[in-house]
Amino acid sequence: MYAQNVTATGTVVDQNGDPLIGVSVTVVGSKVGTATDIDGNFTVKCPVGATLSFSYVGYKPQTEKASATKMNIVMKEDTQMLDDVVVIGYGSVAKRDVTGSITSIDAKKIEERQPTDIFEALQGEVPGLMVSNNSGAPGETGTMAIRGISSMSSEGANPLYIVDGVAVSDISTINPQDIQSMEVLKDAASAAIYGSRSAAGVIIITTKRGEEGKPKINIRYSHKIEKLGHKIDQANAKERYLFEQKNAPTNLNLNRVQTDSLNPTQMADNDMLDLVTRTAHTNDISLNVSGSVKDKMNYYASFGFLDQQGIVNHSNFRRFNIRTNVDYNMTKSLKVSTNVELSYTQRNIVDEGVILMQGLRRPAHMALYFPDGSYIYYNGGQRNPVAQADERINERNQYQMRFTEKAEYKFLKHFTWVGQATARYGVTRTDYLNTAKLSNAKSEGRNQASLARYLAGETYLTWNQKFGKHNPYGTIGASIEDWRDEALNIYGSDHVSESIITSNAFQVLNLSNTRSNYSEHSMVGFFARVGYSYDSKYIVNASLRRDGSSRFVGKRWGWFPSVSALWRFSAEPFMKWSRDWLSDAKIRYSYGQTGVQSVGNYDAINTYTIGHYYNGVAAVYQNSRLANVNLSWESSGMNNVGIDLSFLNGRISFTADWYNKETKDLLASEQIPSEMGVSTMRVNFGSIRNRGLELSVNGYPIQTRNFSWQTGFNISFNENEITKLADGTAYLENNMYWIEEGGSIGQWFGYKYKGIYASDEANAYVKNADGTFGERLTPVYERDPNNYNNWVYGSNGKPKLSHYETSDGKTYDGEVGKMTAQNTVAGGGDVIWEDLNHDGVIGDADRMNLGKALPTTYFGWQNTITYKAFSLSFSFYGSFGNKIYDKMSYDMNQFSSSNHTPLAHYIYPIWKYQGQITTMYKGTNATQGVKNARVLSSQYLHSGDYLRLDNVRFTYRMPRKISAKFLATDFNVYVYGKNLATWTNYPGFDPSNISNSNPLQPGIDGGRYPRSKELGFGFNLTF
């Protein structure tokens, strides 16, 4: 007996009767299938009575019984997809009706990136969002900047984070697996509803909740292996010997002469990066249970555990998370929600300056151990980096609890009242011990504890009503927030026993640093939003917020308005001709004002300090900061114009946004005359403008029954400009950034390196009649025709000068000028600096702009390729337009200590003898004489451009009929890699591993904890 088959044929069209190309047609319960052709036709053989499944991007999947007669399938648009909800401040809106500039990231995208924190989850995903890693240390958080730096304070440069409707300052404790979606509010109109804290943008995080249906149990586990991502060239013992000989101008022998196998400083060849780093392992476990109880309750409960080793010895991070989200329907109109979040983190922090910086500059031949295996803690004045990593304790424990109770009551059909109360507590304890052997003196320790308490309450009323095609709506509400912080710091030394790290072991108490602190501030806000939509074709919104903060005195209140509008021109009759291929098209405009109140709690008033003990008596004195009762908010105004286009029923989408953001009344510290007895005052001064363009394209280039490729690309361009300073006077920040009107934040300012004088005579310039210096002259030396025409050297070790020539090859017989610096004439082996004012003296007047510390362009490219049960996702990230100051190399190349060694690639070209043409200055103390190592030299400014293969993940999803055999509804396994390849010319550890936490001092690489290269595997199991 053979089953009878039938050949099913037909056409698949949309609701307008237009054929759909590439619709997946499969026989349910089998692997048989096909796809529709260019005319929407399909042909498939199947058993009589079989069911056919039809699926297509942007349309609801449907099934039909196979028929021998021609089938006509009409697929309906997936309105849920079209009306995906985007969370906004105090509400939500259909994605297609968003009038501002908002980017959403869903749980699926987060999962594909395999992040350990939110910063990793967002990098490269959002146009206009720049994520800086700051450090590769486990547990270290990054920084985010939305549409450029628009504040001069660290706090004001960070976005506002809203988690389940509650403002938070620390998102490092959140388990990314608990996140349902993240919305990045980039324009001021979207963020203005949050008022005085939203000038740097807002990131709204929504955690997962229970869904209708049977209970689900989800188990996730991943394990990753990490190694140093990029190893820099520390000098080995042979290169150290070469460096020593290059430091001896009278010794032309480059081979080491002295050997002493019994001297512990000369019997090793250590690779310090190998010794202080390791192959690290990380385990990440998540377990969650979700579901519903009839129509009464939805619940979601999760537990997460992250155990992360750092690649530097003895650095680690552990995180425990417990979260419960419960929604209880008390009545048909009243819903009560309870959110509880508990977290505990433990982190051992290593001193990267001691371990990495000192390890790299330590001579490789210096031994680390005595013959008996014990540590040599100090060798030639150099600390032992391995011992420092092993024995120094700097452990931080943090406990956090957040409890939120929310009530939502619907009445009169179109009204909803929401009331919410939140309490959050955080306790942090840090214990530090530097042993006597490590410090080469008495042991040092400290115990620090802090308690942070946050209370908040808010209530708002929403109204949403439709009259045919008319849809007016509105929100009005108020909020109140209160912060209190307490801290206790106990410093001491000379422990009774170093096995006891608490303060009761201190024999000497450091009274100057032992203190307790208490501070508090509060804020109240009133807000309203109104809007109107006509058939989703014309939409307009307006909002207004008024905030008051206890941090200010004379100007305590601020207004923050916004307006936005949308025109869906694809719905106009004159666009009917494009509907076959243009699914949706709209133009957006928004303007809003937002604020920043990121100052100290008491910066507006005078404060006093108790300390400086004299004979056991404490002194009370005024702080060095002067009060400013007129201190007020930073205020940002932003215009945003955007266009959204959707093609081929959502298969391709394009978004473009242009913005112009003006921030005025910048909060900053101003230096004041010391005669007043104080040194600084917090003031509002200056303005910054950020202009930019953001482009993003998303689509399915290929979509067949068994194979699909989804891709997304975004790129952002930003131009930063300081438009106004308090009195128009430019100033130098941190001796390396020039702050001026017309310039940008992070504008490098220093001396331009042009090379090295090959000899003393090479320092020669045309000296004009007015005393100014002209072009640099070329020395011509005597040559010996009987010795291969080589230069003739005199008894003083210098080549004999014949004459000078100008750049056009003519002999120069005029007065020769010699360049000087620090009252010293430059000679062979000294740096050739750009003499900007041609006065023959290198000084402050010769400083110039040397580039920007902040990128001007950054992009992300994400891809997911699926073939049957296999999927491959990968992403690239790139950043361009900035320069990084390699401060680590600058510090190592000062040559001020005989036991400091530069990196290998700097040793080989060090100038050694007269006449040597090279690129590196001589090896004598570079902080003296002409100061070859000076701040800031363009010699240590390098391009920060890079392109990175950021993330790769390969997944196999088990067929449901197999996983169902062990009661699982979904089971997938995967392998992944992160930070796999980087294309860059930057010579340091990592061009992305640069701290930008201080907006006035970005782009400095002091030898940060390096990023790792990761390989891992895991599984995801759902019952």
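Student: Which residues are linked in a network of salt bridges?

Tutor: In this predicted model, the network of salt bridges links Arg96, Asp97, Arg568, Asp584, Lys586, Arg588, Asp644 and Asp657.

Student: Take Asp644 and Lys586, then: where do they sit in the chain?

Tutor: Asp644 belongs to strand S36 (residues 634-647) and Lys586 to strand S32 (residues 582-596), 58 residues apart, and their side chains meet in a salt bridge at 3.4 Å, N to O.

Student: And is Lys586 buried or exposed?

Tutor: Lys586 is buried, because its relative accessible area is 6% and the cut-off for buried is under 20%. Asp644, at 12% relative accessibility, counts as buried too.

Student: How many salt bridges turn up in the whole structure?

Tutor: The search finds 46, and one of them joins Arg953 to Glu111, with the closest N and O atoms 3.1 Å apart. That pair links distant parts of the chain, since Arg953 lies in strand S63 and Glu111 in helix H2 (residues 107-113), 842 residues apart; both Arg953 and Glu111 are buried.

Student: Switching to cavities: how much space lies in the largest one?

Tutor: About 480 Å³ lies in the largest cavity, and the structure holds nine cavities of 30 Å³ or more.

Student: What lines the largest cavity?

Tutor: Its lining has 36 residues, with Thr116, Asp117, Glu120, Ser135 and Glu140 nearest the centre. By class, nine are nonpolar, 16 polar and eleven charged, and strand S19 gives the most to that lining, with three residues.

How values were computed:
Residues numbered from 1 in each chain as written. Predicted model: local features only at pLDDT ≥ 70, side-chain atom pairs only at ≥ 80, totals over all residues. Heavy atoms only, no water. 1 Å grid on protein atoms, 1.4 Å probe; cavity = no way out; pocket = protein on both sides within 12 Å on 5 of 7 lines; lining within 4 Å. Points joined across faces, edges and corners; volume = space filled by probe spheres on them. Helix = DSSP H or I, 4+ residues; strand = E, 2+ residues; numbered from the N terminus. Nonpolar A, V, L, I, M, F, W, Y, C, P; charged D, E, K, R; others polar. Salt bridge = Lys/Arg side-chain N within 4 Å of Asp/Glu carboxyl O. Buried < 20%, exposed > 50% of the residue type's maximum accessible area, 1.4 Å probe, protein only.
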